[in-house]
Structure formats: C-alpha cells, structure tokens
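The questions below are meant for someone meeting this structure for the first time.

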Amino acid sequence: MSSRDAILARLRDNRPDPAAHPLPPVARLGNMDAGRARFEKSLALLGGQVLEPQVGESLSAAIARRFADAKIICSAVPDFEGTVRIEELGTPQKAAEVDVLVVRAPFGIAEMGSIFLSEAQLPTLNSAAHLTQHIVVILSEATLTANMHTAYIERPEFHTARYGVLMSGPSATADIQGVLVRGAQGVRTLSVWWEP
C-alpha cells in the first residue's frame, strides 16, 4: 500500500459520522428570479454566450456553424454524436487537443449565469471542462435556480457529488492595469444550448 493510500484509508476510517453533525439550515436570501432572461444576462456579463439555433437547426448544425474550423468534437452526452466520446480521451493531454466539448449540466444558477458540472457529467476526465478549447453546455430552463442559496437548498448535486465545479463563462484573467483577456487559460468560449 502506498503512503497516499494509507493516508486516505486512515482518513476514511476516522471520518466523523455526518448524521451526528448536521449542517445548519441555509436561508433563502436575495433575488428569487430563476428566469432564463436573468441567466442569459449574467452569462453575457461574464463572457459566456447562448448558442441560438437558426430555424429548425440541430445542435450538430449549430456547432458546425459556430465552430467551423473544429476538427475534434468530444461528446460527454449519450444523445449527441461527436467525433470522439469522452471515455476515449483517457488523459488530460488528449483533452487539450479537443476543439469543442459538449456536456449536459444538471442545473444553472440565474444570478451568476453559472452551470454546475461534476463527475456525473464528466465521468472519466473532469479536467476536460477546463482543457478543451470551447465548451457547449446543454441546459434545461426547468433546472435553473435563483442563486447560490437556492442551489444549495434545492439541488441534490451539491450533496452527492464528490467533485463539483461552477463555471461562469470562459476562462478570464486581468492584469493590474485592468486589461481583461478571455480564454488565456482554460476554455476560450462557453456556450449554452437550451434544451428544447
């Protein structure tokens, strides 16, 4: 057994029973608007965008139109056929070669224009959401929640996920002079496709 495995085993063995230490209740605070318009406005403020379909356009066609130069389109959802499945990537190095990653988010937070991803959505390579060039997130309007307070109260993913990340738009960095650069590290664009 490696030192790492020994340490993790001891932590598991000595973990306090969560039932004996319940968390305090979380209050519902802030603006309770969980609408699509609020989500889209917040998403745009942080550099994200909505991938709007043209009349009768499928997700595949919209991706081909928006990312015309994309060669490797990775699918992390069973109902979208990309050029490669996420299970086939295997390593973070392979994820870095992906032009577009398509993933379904279990919910979004309207206040921040954020989407939630965990190991349930990215079962074999959670780093793919940060290493690919562009990410297209399939999101249902019915899964929007107002803010972090309501997300924590209403969404079971916060309590069941072993790993979770909230993404609000593409990667961005700014220097001390206030120059904002999007996509300097991490995904260059984050696009939301509304599930019909």
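Q: Which residue in strand E9 does Ile-115 stand opposite?

A: This is a predicted model, in which local features need pLDDT of at least 70 and side-chain atom pairs count only at pLDDT 80 or more, while totals for chains, interfaces and linings use all residues. Residues are numbered from 1 along each chain as its sequence is written, and side-chain values use heavy atoms, with hydrogens and water left out. Strand E6 (residues 114-118) and strand E9 (residues 164-167) pair in the antiparallel sense over four bridges, where two strands pair if DSSP finds at least two bridges between them. In this pairing, the residue of E9 opposite Ile-115 is Met-167.

Q: How many helices and how many strands does the chain have?

A: Helices (H or I, at least four residues) and strands (E, at least two) are DSSP runs, numbered from the N terminus. The C-alpha trace that carries them spans about 55 × 45 × 45 Å along its principal axes. Counted in this way, the chain has seven helices and 12 strands.

Q: What percentage of the residues of the chain count as buried?

A: A residue is buried under 20% relative accessible area, exposed over 50% and partly exposed in between (1.4 Å probe, protein chains only). The chain has 196 residues, and the share of them that counts as buried is 38%.

Q: Among contacts between residues at least 6 apart in sequence, what percentage join residues at least 24 apart?

A: A contact means heavy atoms within 4.5 Å. When the contacts in the chain between residues at least 6 apart in sequence are taken together, the share that joins residues at least 24 apart is 72%.

Q: In what order do the six strands of the open sheet with parallel pairing stand?

A: Strands of a sheet pair through backbone hydrogen bonds, either parallel or antiparallel. In this six-stranded open sheet the pairing is parallel, and the order is E1-E12-E7-E4-E2-E3.

Q: Why is one side of strand E1 and of strand E3 left without a neighbour in the sheet?

A: Strand E1 (49-50) and strand E3 (84-85) stand at the edges of the sheet. One side of each is left without a neighbour because each has a single partner strand.

Q: Which strands does helix H2 touch where it packs on this sheet?

A: Helix H2 (residues 36-45) has a direction that makes about 165° with that of E12, where axes are lines fitted to C-alpha atoms, for helices over the stretch in contact, and angles run from 0 to 180 degrees between N-to-C directions. The strands that H2 touches are E1, strand E7 (134-139) and strand E12 (189-194).

Q: Which residue in E7 is the bridge partner of Val-102?

A: Strand E4 (residues 100-104) is joined to strand E2 (residues 73-75) by three bridges, and Ser-75 stands opposite Val-102 there. E4 also pairs with E7 in the parallel sense over five bridges, with Val-100 opposite His-134. The bridge partner of Val-102 in E7 is Val-136.

Q: How many of the six residues of E7 are buried?

A: On one side of E7, His-134, Val-136 and Ile-138 are buried, and on the other Ile-135, Val-137 and Leu-139 are buried, so that both faces are covered. E7 is largely enclosed by the rest of the structure, because the number of its six residues that are buried is six.

Q: Which residue takes a positive phi in the hairpin of E5 and E6?

A: Strand E5 (residues 108-109) runs antiparallel to E6 and is joined to it by two bridges, with Gly-108 opposite Ile-115. The hairpin has four residues between the strands, and the residue with a positive phi near 65° is Gly-113.

Q: Which strands stand at the edges of the four-stranded open sheet?

A: This sheet has the order E8-E5-E6-E9, and its pairing is mixed. Each of the edge strands has a single partner strand, so one side of each is left without a neighbour in the sheet. These edge strands are strand E8 (144-145) and E9.

Q: Is Gln-54 buried, partly exposed or exposed?

A: Gln-54 lies in the loop between E1 and helix H3 (59-66), and its C-alpha atom is separated by 32 Å from that of Asn-31, which is 23 residues apart from it along the chain. Because its relative accessibility is 47%, Gln-54 counts as partly exposed.
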